[in-house]
Amino acid sequence: MNFKQQLDEKTRHAEDVLKRYLPEEKGFQKKVLEAMNYSVMAGGKRLRPILMKESFLLFGGEGAVVEPFMAALEMIHNYSLVHDDLPAMDNDKYRRGRKTTWNVYGDGMAVLAGDGLLNLAFESAASAFDFADDTKTIKRVALALKVLGKKAGIYGMIGGQAADIEAESDGRVSKELLFFIHENKTAALIQAAMMIGAILAGAETEAVKAVEKAAYNIGIAFQVQDDILDVTGSEDVLGKPIGSDEKNHKLTYVSLYGLEEAKKEVSRLSEEALDILRSFENQNEISGNKLYRNPFLEQL
Ligand code: GRG
């Protein structure tokens with residue numbers, strides 16, 4: 001199987017898992033349930049649940065305990081996009097080639113659909129306890145829930161988004177602020193994905209810390225690449241057309257350091273992340289643990 005076929009299969013698997021946790025559209029609250037499903041099933045690369053599963057397998061994880069968390073993280077990612085698109089935030093009318101949730105269901109219903117997804121995410125993730133029949137696994141699920149809450153919340157994605165909104169309104173620019181925003185708004189959910197995969201598979205604390213660092217690099221590289229496309233392409237990483245206003249006024253890695261430095265930074269961050277991940281494969285080989293050779297992570 002080539003990389004494209006592998007990726008298609010993993011995307012399909014992530015979507016099958018996700019569908020099992022999405023709500024049935026019925027009852028007096030049918031409209032908001034429709035809006036939730038509309039936003040989640042609008043396409044998307046499913047990068048986060050795929051990375052979570054790959055990290056789980058890299059550390060020798062087995063069974064279905066990871067699946068509720070795969071669904072939960074994709075719900076959180078989608079709630080953030082629904083809220084980010086609102087007129088009160090980015091005021092985007094289209095995403096992934098179709099109308100945004102508020103543009104179809106109205107602002108109020110889109111706010112509630114996002115809130116609904118966030119709550120359903122934690123309800124779904126907590127159902128991982130149903131797959132945990134020993135103390136060791138129960139502790140892993142509890143820790144994974146804590147990581148999910150932290151990386152999605154004020155010490156993660158919400159914190160990054162809040163700093164971004166404030167920076168845009170008062171025009172502040174600094175390297176520290178830019179990295180804070182990228183680390184939290186973009187990298188935090190990628191860290192959650194890979195850390196939770198590792199935790200549920202039983203990785204040691206030190207290994208989880210190393211995975212957090214690798215995922216930080218992947219998240220920042222993803223964001224800097226988006227900044228590069230802002231300048232060189234007509235579309236961003238989401239396939240959204242870029243207006244000249246955005247090109248000229250956005251605080252980005254490229255606007256601070258220039259295009260060439262940005263390209264070098266993407267290569268450096270990616271190589272460093274791969275080195276960390278490769279070191280786990282090597283360790284597994286040396287200790288004779290069940291080895292899951294994972295060329296997939298290297299190709300992302
Ligand atoms: C509203 C709390 C709150 C947070 C919003 C997600 C977000 C934070 C802002 C969106 C703006 C943006 C371009 C962020 C950069 C990284 C990012 C989250 C990109 C979208 O992720 P993909 O490419 O999307 O994985 P798909 O469509 O594939 O799911």
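The axes of helix H1 (residues 3-21) and helix H4 (67-85) come within 9 Å and cross at roughly 85°. Axes here are lines fitted to C-alpha atoms, for helices over the stretch in contact, and angles run from 0 to 180 degrees between N-to-C directions. H1 is therefore roughly perpendicular to H4. Angles of 65 to 115 degrees count as roughly perpendicular, those under 35 as roughly parallel, those over 145 as roughly antiparallel, and the rest as oblique. On the H1 side, the contact is made by Ala14, Val17, Leu18 and Tyr21. On the H4 side, Glu67, Pro68, Met70, Ala71 and Glu74 take part. Two residues are in contact if their C-beta atoms, placed from the backbone, lie within 7 Å. The residues of this contact divide into 7 nonpolar, no polar and 2 charged. Ala, Val, Leu, Ile, Met, Phe, Trp, Tyr, Cys and Pro count as nonpolar, Asp, Glu, Lys and Arg as charged, and the others, Gly among them, as polar.

The model is predicted; local features need pLDDT of at least 70, side-chain atom pairs count only at pLDDT 80 or more, and totals for chains, interfaces and linings use all residues. Residues are numbered from 1 along each chain as its sequence is written. The protein chain has 14 helices and 2 strands. Helices (H or I, at least four residues) and strands (E, at least two) are DSSP runs, numbered from the N terminus. Of the 300 residues of the chain, 38% count as buried. A residue is buried if 20 or more other C-beta atoms lie within 10 Å of its own, exposed if 12 or fewer, and partly exposed in between, with C-beta atoms placed from the backbone. Among contacts with a separation of 6 or more, 70% join residues 24 or more positions apart.

H4 also packs against helix H9 (175-201). Their axes are 11 Å apart, at an angle of about 170°. H4 and H9 are therefore roughly antiparallel to each other. Phe69, Leu73, Ile76 and His77 of H4 meet Leu189, Ala192, Ala193, Ile196 and Leu200 of H9. This contact holds 8 nonpolar residues, 1 polar residue and no charged residue.

Leaving aside neighbours within four places in sequence, Phe69 is in contact with Met52, Ala125, Ala128, Ala144, Leu148, Ile196 and Leu200. In soluble globular proteins, nonpolar side chains tend to be buried together.

The ligand is surrounded by 16 residues, and the closest are Gly44, Lys45, Ser80, His83 and Gln161. H4 gives the most, with 4 residues. By class, the shell has 6 nonpolar, 6 polar and 4 charged residues. Gly44 lies in the loop between H2 and H3. With 20 C-beta neighbours inside 10 Å, Gly44 counts as buried. The C-alpha atoms of Gly44 and Asn78 are separated by 9.2 Å, although the two are 34 residues apart along the chain.

Most residues other than glycine have a negative phi. Arg46 counts as buried because 22 C-beta neighbours lie inside 10 Å. Arg96 is partly exposed, with 15 other C-beta atoms within 10 Å.

Asp92 is found in the loop between H4 and strand E1 (94-95). With 17 C-beta neighbours inside 10 Å, Asp92 counts as partly exposed. Not counting residues up to four places away in sequence, Asp92 touches Asp85 and Thr100.

Technical notes
Near = placed C-beta within 6 Å.
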